[in-house]
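Thank you all for coming. I would like to walk you through one structure today, slowly, and I will ask a few questions along the way.

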Amino acid sequence: MTAAPMPVAPVPVSDDAAPTRQAVTGAGRTRRPAGRRGATPVGERPSGWSTTILLLGALYCLLPVLWVVMASSKSAAELFSTNTFVPSTHLLDNIADLSAYRGGLFWRWMANTALYAGVGALLSVVVSAAAGYGLAKYTFVGKKAMFNVLLAGVLVPGVVLAIPQYLLLAQVGLTNTYWSVLLPSIISPYGIYLARIYAAASVPDDVVEAARTDGAGELRIFRSIAVPMMVPGLVTVFLFQFVAIWNNFMLPYIMLGNDRLYPITVGLSGLLNQGASQPAMYTSVITGALLSIIPLIALFLTLQRYWQVDLAAGAVKA
């Protein structure tokens, strides 16, 4: 015969053991504590001040662009006699007048600017990638001193170097040529600095050592392994250098004497000076300024996806 189990007294549960975050009600449904419904975490609350500051900054940057768009649609008579932000219907006429100026000289300036900015930025990317990778992955005597000199070069404005560069190129007879604008644009201390930072962060040392163990040469490692990993950072270097060369005024103004070699900045400056005696030229200058920013906008929109990839990669690494 088996003895019946003895009854076990229930263990009292104190109030401290009760759930404190939520209470169970009904058929498995939960209810949030009172006073917390719809609350937004402190870190996710939108800031009205930050939004206002961003909107004011965007407005400050876009107002000149909006003015150029509106002003380029007006005739010479309407430019100073109508409201600034009221558009007109003469944009196509202004473009035609600008294109007819001295047999299409404006479009020659645009082609020159594309040559200076495109070729100069590409060559600058090649030099920056090689120099930045070398500074990031190799150890050699004077490396720290060289990097400090590079940082000092970032702080020197390009305007300060324009006169010495002119004197140096004049010694070899390269002034008033395409080379006088292209050669100084190839070396970018800021581009080398960015490439060095990105190479150190995106190219693992283990991958480089594994490639060396497999017998790959240094040039092949740089070309086949390092450069593909550095592409987002090199796109950033290309964009910065392209915009810097496109907007450069002082260097080509000093180097060039033939208006057939002018970039768009120097060419429009000459048209603006003519506006003092020929007020009709002001509309041509404004229309040219509008046309000159369209390639920059198109370039940024085209290469924007590389910046997005770069930001996502940085977030994963962080």
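This is a predicted model: local features need pLDDT of at least 70, side-chain atom pairs count only at pLDDT 80 or more; totals for chains, interfaces and linings use all residues.

Let me begin with a pair of charged side chains, R212 and E209, which form a salt bridge whose closest N and O atoms are 3.0 Å apart.

Which other residue forms a salt bridge with R212? The partner is E218, and here the closest N and O atoms are 2.9 Å apart. Salt bridges that share partners therefore join E209, R212 and E218 into one network. As for how open these residues are, R212 is partly exposed, with a relative accessible area of 28%, while E209, at 42%, is partly exposed, and E218, at 34% relative accessibility, also counts as partly exposed.

In total, the count for this model comes to 4 salt bridges. Another one of them is formed by R102 and D259, with the closest N and O atoms 2.6 Å apart. Where do these two partners lie in the chain? R102 is in the loop between α3 and α4, and D259 is in the loop between α11 (250–255) and α12 (264–274), so the pair ties together parts that are 157 residues apart in sequence. Is D259 buried or exposed? D259 is buried, because its relative accessible area is 18% and the cut-off for buried is under 20%. R102, by contrast, counts as partly exposed at 48% relative accessibility.

Please stay with R102 for a moment, and look at the backbone. Its phi is near 50 degrees, a positive value in a residue other than glycine. Most residues other than glycine have a negative phi. The loop that holds R102 runs between α3 (91–100) and α4 (105–137). A positive phi is also found at N176, where the value is near 60 degrees, and this residue too is not a glycine. N176 belongs to the loop between α6 (158–171) and α7 (179–186), and with a relative accessible area of 34% it is partly exposed.

Now let us turn to a helix, α8, which takes in residues 189–202. It has 14 residues and reaches 20 Å from its first C-alpha to its last, which is close to the 20 Å expected at 1.5 Å a residue. Which residues of α8 are buried? They are G191, I192, A195, Y198, A199 and S202.

Finally, let me step back to the whole chain. It has 13 helices and 2 strands, and of its 318 residues, 31% count as buried. Among contacts between residues at least 6 apart in sequence, 71% join residues at least 24 apart. The chain exposes about 20200 Å², and carbon and sulfur atoms supply 67% of that area.

Technical notes. Residues are numbered from 1 along each chain as its sequence is written. Side-chain values use heavy atoms; hydrogens and water are left out. Helices (H or I, at least four residues) and strands (E, at least two) are DSSP runs, numbered from the N terminus. Buried means under 20% relative accessible area, exposed over 50%, partly exposed in between (1.4 Å probe, protein chains only). Contact means heavy atoms within 4.5 Å. Accessible areas come from the Shrake-Rupley method with a 1.4 Å probe; for residues, only the protein chains shown count as cover. The expected span of a helix is 1.5 Å times one less than its number of residues.
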